[in-house]
Amino acid sequence: MKRLSYAFLLTALMSACNTVVLDPPAVDLLIDDIVFTTASDLPSVRIGLYSAARSIGSPTVQAGDFTADNIIHLGTFTDYRELGTKQITPSNGVVGALWGSVFRSIYLANFVLERLPTIASVRAADAKALTAEAKFLRGYANFIGAHTFGGIPKVTSTTLATNRTIPRASKEEILTWALEDLQAALADLPDGDPQDRNVFAGYATKNAARAALARYYLYQKNWAQAEAYATLLINSTNYSLVSYNDVVTKDFTQESIFEFGYTLNDYSGDINNYFVGRREVVPSNQVVVSLLSRESGNRSQTLVFDFTKQKGNDNGWTLRKYGTADESNRNFVIFRLGEMYLIRAEARAQQGKITGTTGAIADINRLRTRAGDGLADSAKPPLITTATQSEMLSIIERERVYELSFEGHRWYDLVRTGRAQAVMSAFSTNWNVKYELWPIPQTEIQRNPSLAGQQNPGY
Amino acid sequence: MNQLLRKSFFILSMTLGFYGALWAQNRTITGKVTSATDAQPLPGVNVTLKGATTGVSTDAEGSYRIVVPDGKVTLAFSFVGMLSQEVVVTNRTIINVELLESPTQLNEVVVTGYTTTQQKDVISAMTTVKGDRLKNLPVSGIDQALQGQAAGVRVSAASGTPGGGVKVVIRGNTSINASNRPLMIVDGIPVYDGAVSQFSYGGQQDNAISAFNTSDVESIQVLKDASAKAIYGARGANGVVLITTKRGKANQKTNITFDVQRGVSDVVKRLDLLSSSEILTLQREAVANFNAKQTRFQDMVDPDALGLIPGVTDAVNTNWVDEVLRKGIYQQYQLSTSGGNDRTRFYLSGSYRDEEGVQLNNRFARYTGSFNLDHKASPKLSFGLNLSIGSTKNRRVFSDNAVDGVYGSALRSLPYYAPFNEQSKLYTPNDPNYQGFPNGNPVAEALLPRQLTYGIKFLGGVNAEYAFMPNLRLRTKFSMDYNGSQEDTYNPTGTFYGSLPSVGGQGYGAYGTSSLATFLNSTILTYNTSISEDHHISGLVGGELLHSQGLTSGVQGRVFPRDEFTYISSAGVVDAGSSFFTQNGLVSGFGEIKYDYKNKYLFSATARYDGSSRFGQDRKFGFFPSASVGWRLKEENFLKDVDFIEDIKLRASYGYTGNERIGNYQFLGTWDATTYNGSSGVGPNSLSNPNLQWERTREANIGLDVAFWKGRLSFTAEVYDNLTDALLFAEPLPATTGFGSLQGNIGSISNRGLEFTLRSVNFDGAFRWTTDLNVSRNDNKVVSLASEQPLYRGFSAAGVGATNVIKVGEPLGTFWGLKYLGVDVATGDALYEDFNGDGRITTDDAQVIGNAQPKLIGGLTNTFSWNGFDVSAFLQFSYGNSVMNYGNSFLLNPGTDLRVNQTRASLRRWQKAGDITDVPRYEYNNTYNSYSSSRLVEDGSYLRLKNVAIGYTVPAKWTSKIKLGTVRLYATGTNLWTLTRYTGADPEVSTLDGSTAAQGIDFFTLPQVKTIVGGVTVNF
């Protein structure tokens, strides 16, 4: 009897304690069912979307500059030794990071696009704007993915079962989809308020979509469209070329069209750490010579020299474009006006428009004029007066180095212009044509059966 | 026929005796029998009249009443587990007797979960380690003290750093992702034994159990099979370690013991690295080999421009390892007292321990105090108290399994740099002769930062027991285990971190706190009875409620005005603040039934029903049953009279246990806080799995216990077969899903093994020699995984991804890499096996290249005592395990990275065609020759003289003159001798504490230390 009543007591005790002991509320976490159910949840999910997308920034710089001839490796990390000495393997961590950030962004965009229509209380205008932002970021992610890895899986939903065995789509299919997204985004994105540059360039606007399309068409060799979109931005009164020093040391300048924003508290600082803190990598001698040349002008401010660092393999040069958390150049600039001039110049040159107000020379001279600001006449970059088409294209290739080094362009430029083999073989004896695409990360091939045997050639 | 005759004779003699008593002049003797240990009444004691057949048993109060004839008689008192006693009675009528515990091993009382039993009745697999076995080991933690002491228990310290993490694995690894640590219970209170502090010190962690004084331990019980562990249900799968602390004895003179130890320690081995001129020659050769491969002049590298100038560069020759290591001074003082009367018993102790690490500036100091009290308020009601407080101050250095750690940097640093300049000042980042990234100045990194971890462990419990009847008792206990840590660090501008531009270059300070408190109430009801003389039944039911909560916080400060200002109040920028709270709970009911027939056939069944907050909504409760049978052959007639056999017992058990340490909130699909551009929002964190549950282990065990010659020789053999399924498994997902993994319960691991324990008293008498041997083997194997695809874990490995693999059919701790076939005699390049036969060496050629699981582990202890002298020697071994010398991917890297010193093995590198060697040629920037391969995997077997102790107890005739009890002088040495083929500093490594996939990796692990300690124990 006693035992029975004891058992009864125990049962009562247990049920009372069930909620306290067995279901303690989780703190600082949201259960996914309730994350996006009402209109008031929209702002926090939107931040999550941008937060995912901005992790594309750093690995893109590493793809664009570290894979190419802009750095040499000094440090100890295998990932960077592989990139620096052109011995990239599918297990490289940076390769995995870029792939992961691309698909993380696509997941969030898909999540927003799937959930948004189910929430009745959202205002139509808000829904339209967020849809456009999701498509813009998804389009950009696919654009980067396709040009880095070639054909990647086309992930159109958040369905786990589908996405874990999804096969590669062709590069063309991905790029077509990216174009659809960017065009749809252009239609519905807001114009933005140029007074508040942190928001104007920190979030997607119509102009950001135009800039993305300008670069998209340049890569597609659709010169007319590239020229047209670049012109829209160059003619916009919302942007102007700022001093190159500001390009190097400031975020959200008047020139900036879209950048991934960080603050003191959430700054990862990895690029700064690789160049400055660890000196894992330093600018290569080639890029130092280029940036110090007269043609480059004040764009030499991209770098700074410190003789105490110069020893052994270390040439003593340091990148300034990515500052520490305390400095005001924490962001990754994705599109800025300077690039639009270069896109238009190249598109025009390719169309045979070299001279005159609608010629490539005018655009390049615009950048060279800025690069001469504050310099003695004898040190100012020479303005171009005449050039053949092939000379012009070679001038533009050099000009892109001066202007856009360490903003994640060089390798993509060399590959799309067919110059990679010539330039990179001269830079490194290890260069191989396979490095014109990054490998699919080893872990993806291991985890996704549909990718077995689908590695890029040569890896 | 024979039986019948004997029975009739028995009845006849009883009857005759009865009548005989009637005829004689009789008197009655009454009295009470109690235990000398705790003054508890002893029911069921046989009281017999010597020379007659009269006999009675004591009742529940320990009282008896016996009728004896007049005159001088002798009463005999006997009881299992107690020394029999005879009392000669002439005319007294009240005889109270205290029985002493019998010292034979068979009758020893052992703690079995929530109750106790006698060793001879144990029908499950468990091993006892007596506290006095630990007294000679100058280790700080109980976990480390268990090393080599019990079959089936594998203990490895993460490094030679004092107060550091220790890995304890019982009967093999059961889990990939959940904890593999056994459940540790001190006096019925589950205690936290992992890392408390939150800041990273490389691979080095702190260890909550090191705040607990080993000297307070009376005995340790290791529970190994389902029948022993199922009472702990969802927490039992990794084994249970029951620690019983010392308590006072009833009616004992108050006894005071003072013990002082002092000693000195050094690493077991210092690696032999190259001198300045040797490494310089090597570096120039590597550059020359690089240049020889270049086809264009502009690609060639001038070794002089790299700073490799003979006669200039090698003017300095620093032995960096000697610069950062020292001999550590160790001291410990302990004072304890215990005593009691028949109602109250106590034990009180205090200790101070101060242990200098062998790394510069590393020091672990500890204060402990403990108080145990038992009081009997009435024959029915008693209560007790356990209190134990430990406070530690750990002056840490960033080290162990870390590239940039002090020890790691010292190994890698080039000898032509120096730690001090001409003015004996440390080179710091702003000095021109500073070695620079990546090695920095390891001496400065050790000496300059302030890196303190203050730890506190509080273990307290109160319990009360009420006996409704002597055989029906209710016991309840409230307890708390609190572990706290405060971390206070400052890296001045002279250090690498303090000078980092990204933190402002003006010092870096961080402060953090973390605490973990577990509250527990357990209540049990026990009952035992006998039906006739032959059937003994006992049982218990109980309930338990457990709630844990953890709080952490941290803040960092940067940009300090000067290095004199080191606290965050003075920092120019204070940021990266954090705080977090987490909790979990367990609600359980459990029960046990034991039955034996004539002490011959034994049976027990145990079960527990556990509900845990960590399990998914659809799997909140788990049920863990077990059963066990035993057969004491000795009680059978055919063995009863075989004198030399003391006991033979065959037993078998089967049951289920679980592992609920799968992390909190893992079953929820969650979003957590994130930021963008100064705004905050939410981002997806994990996918939900409402079916997430405990890991389940099915355990089967067969054991044999044999004792000969009154226990002079005894052995135990065990064989077991365990299968853990429903593994907690973060199933890796391709990134195309948006997530990296999904928490699930997939896959299974099997552990099968044999254990053998032997105890022998070789000589007994004035000269006493005992031998204890334990040997065990465990075969661990991954039986199934989520998919056929192996999982890659461990450190990143050049050319192959990762150092470790989890693969079906292979054990955990399997090494992954290319198979190294030696050096091409013609070219000097490494040769690897083209595993997939595609004509190229790629990532796809990686294969299994060894594993860290030993084939045999064990320990052998011999003790000798003679005329006051005592000597003990404890050998411990591990056989058949591989160690990955991951440090050699830096220290024997064929030219990949020139800024690293090399081991002496580099001197036998390939230099010219025709050289036959195992070290490839050195070529600057070549990564091919340093791919992660079996070149790095070595035999890690070792035999180690873990401890040797010599003591002398001063004869009582001298000590009694100065009013002392016993005085023992002793000296003990640990790790004095090691036999191994391993070429690194120490084969005893357990990298990545807590990781099961990456074991046995020597990655700049600070070697174990050898210690020589002298001490004296005074008792009065």
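Mentor: Let's start from one pair of residues: B:Val805 stands opposite B:Thr814 in strand E40 of chain B. Before going on, keep in mind that this is a predicted model, where local features need pLDDT of at least 70, side-chain atom pairs count only at pLDDT 80 or more, and totals for chains, interfaces and linings use all residues. Residues are numbered from 1 along each chain as its sequence is written, and chains are lettered from A and ligands numbered from 1 in the order in which they are written.

Now the sheet itself. Four strands of chain B make an open sheet, in the order E38-E39-E40-E43, with antiparallel pairing. At its edges are E38 (791-797) and E43 (847-851) of chain B, each pairing on one side only. On average, neighbouring strands of this sheet are turned by 35° against each other, direction ignored; axes here are lines fitted to C-alpha atoms, for helices over the stretch in contact, and angles run from 0 to 180 degrees between N-to-C directions. As for terms, strands (E, at least two residues) and helices (H or I, at least four) are DSSP runs numbered from the N terminus, and two strands pair if DSSP finds at least two bridges between them.

Let's go across strand by strand. E38(B) pairs with E39 (residues 801-806) of chain B in the antiparallel sense, over five bridges. One contact to look for there is B:Arg793, whose bridge partner in E39(B) is B:Asn804. From E39(B), two bridges lead on to E40(B), again antiparallel. E40(B) is then joined to E43(B) by four bridges, and these two also run antiparallel. B:Thr814 turns up again here, as its bridge partner in E43(B) is B:Asn851.

What about the faces of strand E40 (residues 814-817) of chain B? Both are covered: B:Thr814 and B:Trp816 on one side, and B:Phe815 and B:Gly817 on the other, are all buried. Buried means that 20 or more other C-beta atoms, placed from the backbone, lie within 10 Å of the residue's own; 12 or fewer makes it exposed, and anything in between partly exposed.
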